[in-house]
Amino acid sequence: MGMFYCLSTTAGLQAALGTLSPATTLGFVPTMGALHGGHVALIQRARQECDVVVVSIFVNPLQFGPQEDLERYPRTLEADTRLCQELGVDVLFVPDVAELYPRGMETLTLVEPPRELTERLCGRSRPGHFRGVATVVLKLLHLVQPDRAYFGQKDAQQLAIIRRCVADLNLEVEIIACPIVRDADGLALSSRNQYLSEGDRATALALSQSLEIATAAFRQGCFTASDLLAPIHNHLRQFPQLRLDYAELVHPQTLVPLERIETVGLLAIAGWVGQTRLIDNCLLDRRLPILAVDGPAGAGKSTVTRRAAQALGLQYLDTGAMYRAVTWWCLENNLDLRDEPAVVEAIAHCQLRLESSDPHQPTRVWINDREVSQAIRSLEVTQRVSQVAALRGVRRLMVRQQRAIGANGGIAAEGRDIGTHVFPEAGLKIFLTASPAERAQRRWQELQQQGQCDLSYEELLAQITARDTADQQRTYAPFRKAADAIEICTDNLGIDEVVSKIVHLYRSRLPQP
Ligand SMILES: Nc1ncnc2c1ncn2[C@@H]1O[C@H](COP(=O)(O)OP(=O)(O)OP(=O)(O)O)[C@@H](O)[C@H]1O
Ligand SMILES: CC(C)(CO)[C@@H](O)C(=O)[O-]
Ligand code: BAL
């Protein structure tokens, strides 16, 4: 947008956002202000991944209980505004209560999330809190209409509830979870840390310390609630000044208590230090982390990812084969590929099945129980697949299926939006690049070997450059490097060298269960 807007009215906000083109990726970070490093991480992630970034600051009375700290909650709007400008925020939305709740709060339409989510954990000691959170977040999401909204993992229950509201109410926004940012000594950053005296702060550290102890036990093979919670309680016994609200092992999405971690578990803890209530948590994941390899056309992603998957014992997810299969189905059924509603409706009824048992063979593909492993490699499908894959409705359907396949981890996938869109929480993200000249050269040699010499090197270079531009400008999930991706330029590297780099990164960076 160029300019920085600090707007306090919904009319001003809608006027600013109304000028954006549909191709713009809009990121949104809702906050209650008193910005600290945790908020900065969310804003920086949004800045990296989106064309326009909106931040809201609104201390929401609906989510504070009568005995809570609404009045004394820190308000540092001037410093927050400066910080947002420095971080490259485009629009800072700072409504007051009358602006967001013009008819007051007594007769307001409320968003009531499912009680099995709101009445557990923090909900027991903060009755009505999450109804207040859900109501204001849904209002803000409707006002801002973002493509992606960024929330902290620190508020894990809030995150789970917002994800559920968005899913149940069919909002199109992508909810992105950002890791907890901590002080050097491990204390989770929180606006409420300002309330802590030096002594209180030492006590507050017991929360993160006890989670660290439990995580170490998990890494040693303790997967049951009793084995993970016992060391927490043992550690907290040394801090009688900390009044524990709860320490529980639950499922991160459903918040249902877990007796044992089979795939992933959330260790959540909350307590009072003096009058200050603090929360913390950690995710304990037994699943093999997902490897996401993104990069421009011709960078060697498919070969590298297959080989890395084989070396790491991961299932290779051939997203390209999925798009080819649905393209084949459309051609087989004589659909007009320009008729997006007809194409999306037809594909929405398709069932895909992939099998990649032999890494040296192309993935086997079935669509509606018909094997199409060979048919999808035809020249006609090759010429049409990009057109189908660029359709927003098609990408949404394919991403949903890809996520379902990756739900239990252990996947290696390559494409252009795997780390940014399909698996944003992938354990290792690689951005595989090569110069357009190198990619054109490789493609030209490949065609020569296949006896297809109808395109010159110069024409291939022009094609690759044009496709890079088209991918970066496409409306839905435009091609960009994920903020947390590791870039590997392969111009002077052989395939084996690239694969061994990735295997090393995967093994060295990620805790193995
Ligand atoms: N330490 C942190 N790491 C990651 N995200 C955070 C952290 N602290 C806050 N956030 C996220 O920032 C967003 C705004 O949170 P909020 O403004 O309530 O800040 P807060 O520090 O959580 O305040 P509070 O003291 O009320 O907990 C939320 O999505 C929250 O999860
Ligand atoms: C999401 C939120 C901004 C809604 O007021 C608040 O709960 C917070 O800051 O986490
Ligand atoms: N992020 C915390 C919101 C609250 O405690 O109201």
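Helices here are DSSP runs of H or I with at least four residues, and strands are runs of E with at least two, both numbered from the N terminus. With that wording in hand, I can say that β2 (26-31), α2 (37-49) and β5 (148-152) each supply at least two residues of the shell around ligand 1.

Before I go on, please keep in mind that this is a predicted model, in which local features need pLDDT of at least 70 and side-chain atom pairs count only at pLDDT 80 or more, while totals for chains, interfaces and linings use all residues. Residues are numbered from 1 along each chain as its sequence is written, chains are lettered from A and ligands numbered from 1 in the order in which they are written, and side-chain values use heavy atoms, with hydrogens and water left out.

Let me begin with ligand 1. It is surrounded by 20 residues, and the closest are His-36, Lys-154, Asp-155, Ser-190 and Arg-192; a residue counts as near a molecule or strand if one of its heavy atoms lies within 4 Å of it. Helix α2 gives the largest share of this shell, three residues. Sorted by class, the shell around ligand 1 holds nine nonpolar, eight polar and three charged residues, where Ala, Val, Leu, Ile, Met, Phe, Trp, Tyr, Cys and Pro count as nonpolar, Asp, Glu, Lys and Arg as charged, and the others, Gly among them, as polar.

Which residues make polar contacts with ligand 1 through their backbone? One is Met-32, with a polar backbone atom 2.8 Å from an oxygen atom of ligand 1, and another is Gly-152, where the corresponding distance is 3.0 Å. Ser-190 uses its side chain instead, placing a polar atom 2.6 Å from an oxygen atom of ligand 1. Taken alone, ligand 1 exposes 590 Å², and the protein buries 95% of that. For these contacts, the rule is a pair of N or O atoms within 3.5 Å; within protein, one must be able to donate a hydrogen and the other to accept it, and residues adjacent in sequence count only if both atoms are side-chain atoms. The areas come from the Shrake-Rupley method with a 1.4 Å probe, and for residues only the protein chains shown count as cover.

On its own, ligand 2 exposes 280 Å², of which the protein buries 88%.

Now to the salt bridges, each of which is a side-chain nitrogen of Lys or Arg within 4 Å of a carboxyl oxygen of Asp or Glu. By this rule the count comes to 34. In one of them, Glu-116 pairs with Arg-164, the closest N and O atoms being 3.6 Å apart. This pair links distant parts of the chain, with Glu-116 in helix α5 (residues 115-118) and Arg-164 in helix α8 (residues 156-168), 48 residues apart.

Arg-163 forms a salt bridge with Glu-425, with 3.8 Å between the closest N and O atoms. Arg-163 lies in helix α8 and Glu-425 in the loop between α16 (418-422) and β16 (428-433), so the pair ties together parts that are 262 residues apart in sequence. A further salt bridge joins Arg-396 to Glu-172, where the closest N and O atoms are 2.8 Å apart. Arg-45, Glu-49 and Arg-148 are linked in a network of salt bridges.

Finally, how many disulfides does a search of the whole structure find? The search finds zero, a disulfide being a pair of cysteine sulfur atoms within 2.5 Å.
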